[in-house]
Amino acid sequence: MNLFHRVIGFIKKQPPGRLIALGFALVILFGTFMLLLPISVRDDAEVSFINALFTSTSAVCVTGLIAIDTADHFTAFGQAVVAALIQVGGLGVTSIGVGLMIAAGKRVGLKSRNLVKEALNVDNYRGIVRLVKSVLLLTLCFEAIGALLSFLVFSRDYEPLHALGISLFHSIAAFNNSGFDILGGLRNLIPYQTNVLLNLTTCFLIIFGGLGFLVIIDILKHRSFKKLSLHSKVVITTTVVLLVAGTLLLKATEHITWLGAFFHSVSARTAGFSTYSIGDFTNAGLFVLCILMFIGASPGSTGGGIKTSTFFVMVQETRSMVTKNPIHAFRRSISKENVSRAFLITFLSGSVVCIATLLMCVLDPEYSFIQLFFEVVSAFGTVGLSTGITPYLSVAGKLVIILVMFTGRVGAFTLLSMWIDRAEPNARYSEETVVIG
């Protein structure tokens, strides 16, 4: 009993970032062992530990990269486990935990509120419980609508019960920006390349899942762009610009339809679904997808990447430096702290991608640089798009991708800062110019 109390005491002393990372790691390990159970694996399939770990990590980190096909290797129970892992990973371990506490009628303490605040990137503790309730309700509503619309499509090709299972799984995966599918044969959504309803339904789920819960709540509350917060305006504007630019660039570089170009512009923003074979894309098209994947979704959302607001702040700072005007947007000033954090996050994220790509080039030299670079960026952005090499990577290569997916979901800045004691400086030094450029 004393050991138990010591463990609890040790956990309570840990900073929120460390607890969040530990929570994700424990869920990944739990999911791995669940996927290795005989009830999870099909009789005619074999699932190794590394592939189960890869699948669990990809699901919890809402990525969608797969080392083995989900439908061909896992039973209905195993697929339900994957869906549950995606849901937990998308909402966040802390949000799920607080949601269960609310459902059980228990009081949500300051420590739990602090964890949710850190996980959802909220500025203060006010209204945390109400926020969690709204997040869970919004998730249920969006996924229910998505499942209903998807069922109208899948019911034409599958038996009603099977179609319902596929629809629920697809809706959960799409809203949580995780590119898993259970159609089998590593086909993703290629069989529905021309189906407008499924394409637009999937895009609808991905976009709203990637906007972030705070933005969705702000939209529902004010219903006017002028009344929205600065954060919401930044996220919506950047999202629209990236979607339009991505669509135009993909249409210009690839022989695909406008629907296909729009779908992949949306999907590259951390979702990972594809209606065309990514392995057939040109280097130019793959590079466009890499840019979109690296930027990713928005803070407080189910997606990854450096985030749209980070990209927006860096663009505004660059414009400010060129024009010699103070940095601002929508008649609001942007703090220097925001600017510094944006550039730091981008630098750390770029470092992770560069180091991981170098390791992949050493571990799996039989693949081209663009293939390995694309794989790493997809893993870091928790996207799930692949040129088709994921199942054939070496064990060491898969471990690198697992670590990159985990880093992308938790955040490079969070992983670095949670091990560093950031004390206030005791002294200030005189300033001197360094020659730049």
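Tutor: The discussion below sets computed values against their definitions.

Tutor: This is a predicted model, in which local features need pLDDT of at least 70 and side-chain atom pairs count only at pLDDT 80 or more, while totals for chains, interfaces and linings use all residues. Residues are numbered from 1 along each chain as its sequence is written, and side-chain values use heavy atoms, with hydrogens and water left out.

Student: What makes up the secondary structure of the protein chain?

Tutor: The protein chain has 19 helices and two strands. Helices (H or I, at least four residues) and strands (E, at least two) are DSSP runs, numbered from the N terminus.

Student: How do you know that the span of helix α15 agrees with its number of residues?

Tutor: The expected span of a helix is 1.5 Å times one less than its number of residues. Helix α15 (residues 308-323) has 16 residues and should therefore span 22 Å; its end C-alpha atoms are 22 Å apart, so the two values agree.

Student: Which residues of α15 are buried, and what covers them?

Tutor: Buried means under 20% relative accessible area, exposed over 50%, and partly exposed in between (1.4 Å probe, protein chains only). The buried residues of α15 include Thr 308, Phe 312, Val 313, Met 314 and Glu 317. Their cover includes α12 (230-253), α14 (283-295), β1 (328-329) and α16 (336-363). Just after α15, Lys 324 takes a positive phi of about 65°.

Student: Why is the pairing of Lys 336 with Glu 317 called a salt bridge?

Tutor: A salt bridge is a side-chain nitrogen of Lys or Arg within 4 Å of a carboxyl oxygen of Asp or Glu. The N to O distance between Lys 336 and Glu 317 is 3.9 Å, so the pair meets the criterion. The pair links distant parts of the chain, with Lys 336 in helix α16 and Glu 317 in helix α15, 19 residues apart.

Student: Are the two partners, Lys 336 and Glu 317, buried or exposed?

Tutor: Lys 336 has 56% relative accessibility and therefore counts as exposed. Glu 317 has a relative accessible area of 9%, so Glu 317 is buried.

Student: How many salt bridges does a search of the whole structure find?

Tutor: The search finds two salt bridges. One of them joins Asp 44 to Arg 42, with the closest N and O atoms 3.5 Å apart. Asp 44 is exposed because its relative accessible area is 62%, whereas Arg 42, at 35%, is partly exposed.

Student: What makes the phi of Leu 186 and of Thr 382 worth noting?

Tutor: Most residues other than glycine have a negative phi. Leu 186, although not a glycine, has a positive phi of about 55°, and Thr 382, also not a glycine, has a positive phi of about 50°. Leu 186 is in the loop between α9 (160-175) and α10 (196-211), and Thr 382 is in the loop between α17 (369-380) and α18 (395-410).

Student: Why is Leu 186 called partly exposed, and why is Thr 382 called buried?

Tutor: Leu 186 has 47% relative accessibility and so counts as partly exposed. Thr 382 has a relative accessible area of 0% and is therefore buried.

Student: How do you know that Thr 57 is buried, and what is in contact with it?

Tutor: Thr 57 lies in helix α3, and its relative accessible area is 1%, so Thr 57 is buried. Contact means heavy atoms within 4.5 Å. Leaving aside neighbours within four places in sequence, Thr 57 is in contact with Ile 28, Ile 402 and Met 405.

Student: Why is Ser 333 called exposed?

Tutor: Ser 333 has 64% relative accessibility and therefore counts as exposed. Ser 333 lies in strand β2 (residues 332-333) and touches Ile 327 and His 328, not counting residues up to four places away in sequence. The C-alpha atoms of Ser 333 and Leu 230, 103 residues apart along the chain, are separated by 9.7 Å.

Student: What share of the protein chain is buried?

Tutor: Buried residues make up 54% of the 437 residues in the protein chain.
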